[in-house]
Amino acid sequence: MYKKQMLMQKIVCMMTLIASALVFVSSLGLSTDLYDALSKTILYPDYDLEYTSVTGSRVYYDMFGFNSAFTVVGIVLILVNVLLFLTNTHSRRKYYIGNYIATGLSVAAAIGVSAWCIPQIADYKSQFQNNVDFEQLKAFSKDWGTLYIGPEDTFWFDICFVVFGILLLCAALLVLNCIFKVKVMKAEQRAIGSGKEVQNG
């Protein structure tokens, strides 16, 4: 049982770190297509976001602040999950307070980041699909040689939801691993206690 638990904790910690890296990558990709398609439609983005060749294209600039914060959050998430390895939570046979803290921080960060990001990403996706005049965008793209994306081109929005799903799954697995670890440690302690009683008897 101990070998299975040790293997599980190693896999789960690695999955969690990879998931946090995917969050960072998705933050970089989120505005890529929107930038190529929409950024040039607004002539004076520093002064008037309504002065645009394509109705609704301001969504790119409206989400710019969120996207920048999203990228920073992705980096912070990676650093938080590196603690799992710095505290040897992935390989330690017996957990100590530092391992429980690292696990708790990782789970709390995953839940907190997901709760903050998912609703906003869903809102910006809705704004993109419902507010942008795609006929105007198609004409602008043809005239100026920019990228055209349609209302169905929401790959980066959608992949963010998948990534956060993976992140939350990893958080759940960390909790299960911690519970499993406590049970295994208690079982080992009982076995040691039984051995001592046999020797004393």
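Helices here are DSSP runs of H or I with at least four residues, strands are runs of E with at least two, and both are numbered from the N terminus. This is a predicted model, where local features need pLDDT of at least 70, side-chain atom pairs count only at pLDDT 80 or more, and totals for chains, interfaces and linings use all residues. Residues are numbered from 1 along each chain as its sequence is written, and side-chain values use heavy atoms, leaving out hydrogens and water.

First, select Asn88, in the loop between helix 4 and helix 5. Its phi is near 60 degrees, a positive value in a residue other than glycine. Most residues other than glycine have a negative phi. Is Asn88 buried, partly exposed or exposed? Asn88 counts as partly exposed because its relative accessibility is 30% (buried is under 20% relative accessible area, exposed over 50%, partly exposed in between, with a 1.4 Å probe and protein chains only).

Next, click Leu86, found in helix 4. Leu86 is exposed, at 64% relative accessible area.

Now hop to Phe66 and Phe70, which both lie in helix 4, four residues apart, about one turn of the helix. Both are buried. Their rings form a stacked aromatic pair, 5.6 Å centre to centre with 20 degrees between the planes (rings of Phe, Tyr and Trp, using its six-membered ring, pair if their centres lie within 6.5 Å; planes under 30 degrees apart are stacked, over 60 edge-to-face, the rest tilted).
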